[in-house]
Amino acid sequence: MNTRKQAVLDAIDAANSHDPNLEDGQPAELLYGQRMSAELDRLFPDASDPLQIAARGQHVERWKLSRSEYPEGRAGYLAWRKAQGVHHAQVVMALMEQNGYSTENTEAAGRMLRKQGIKRDDEVQALEDVICFVFLKWYFAPFAEKHSAEKIQSIVEKTARKMSADGRARVLTEFDLPDELAAAFQP
């Protein structure tokens, strides 16, 4: 691995090591970033540096923007998510610039983190597919335990809509989903 990329990944990990929220005894966003990198390596082993960095930085310092600072309901949730994407992009782009990445590469990572070009830009879409796989693999079961069948179905349908056709096909081969949930991933 090149030292410049490793320096950025290490800086993201250092930032996320301050997450006060713990999961499995580790800072939650540090663990999330590691899961994102592992899943990216598995799904897209030839990923570019900007995509590898964006995957690791997907939730960098996520705890700093509290959901409770935004209005209740879907509009408030979407505003919070958009603010998170802008924050993640700013942090990651600054780290990339500090480590000598070109403007083109830093802007590419920023677009990925802000989800600009989903369904149109292959790397933005690859990042979204990785996010969905990490959700399904690590976070779906705990989520499902807390919500109604209708809410679970809605979330699964929204997840599937965000994914590429290849990503949805892989979900069907890699996850043992009940028929009603699997239907969301069918072509």
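Tutor: Helices are DSSP runs (H or I, at least four residues), numbered from the N terminus. In H8 (residues 165–174), the buried residues are Gly-167, Arg-168 and Val-171. They span an arc of only 100 degrees around the axis, so they sit on the same side of H8; the arc is that of the directions from the helix axis to the C-beta atoms. Exposed Ala-165, Asp-166 and Thr-173 are on the face of H8 turned away from its buried side.

Student: What should I know about the model itself?

Tutor: This is a predicted model, where local features need pLDDT of at least 70 and side-chain atom pairs count only at pLDDT 80 or more, while totals for chains, interfaces and linings use all residues. Residues are numbered from 1 along each chain as its sequence is written, and side-chain values use heavy atoms, leaving out hydrogens and water.

Student: What covers the buried residues of H8?

Tutor: Contact means heavy atoms within 4.5 Å. The cover includes helix H6 (122–146) and helix H7 (149–162).

Student: Why is H3 largely enclosed by the rest of the structure?

Tutor: Because 8 of the 8 residues of H3 (residues 49–56) are buried. Those buried residues pack against H1 (3–16), H2 (28–43), H4 (73–98), H5 (103–113) and H6.

Terms used:
Buried means under 20% relative accessible area, exposed over 50%, partly exposed in between (1.4 Å probe, protein chains only). Helices (H or I, at least four residues) and strands (E, at least two) are DSSP runs, numbered from the N terminus.
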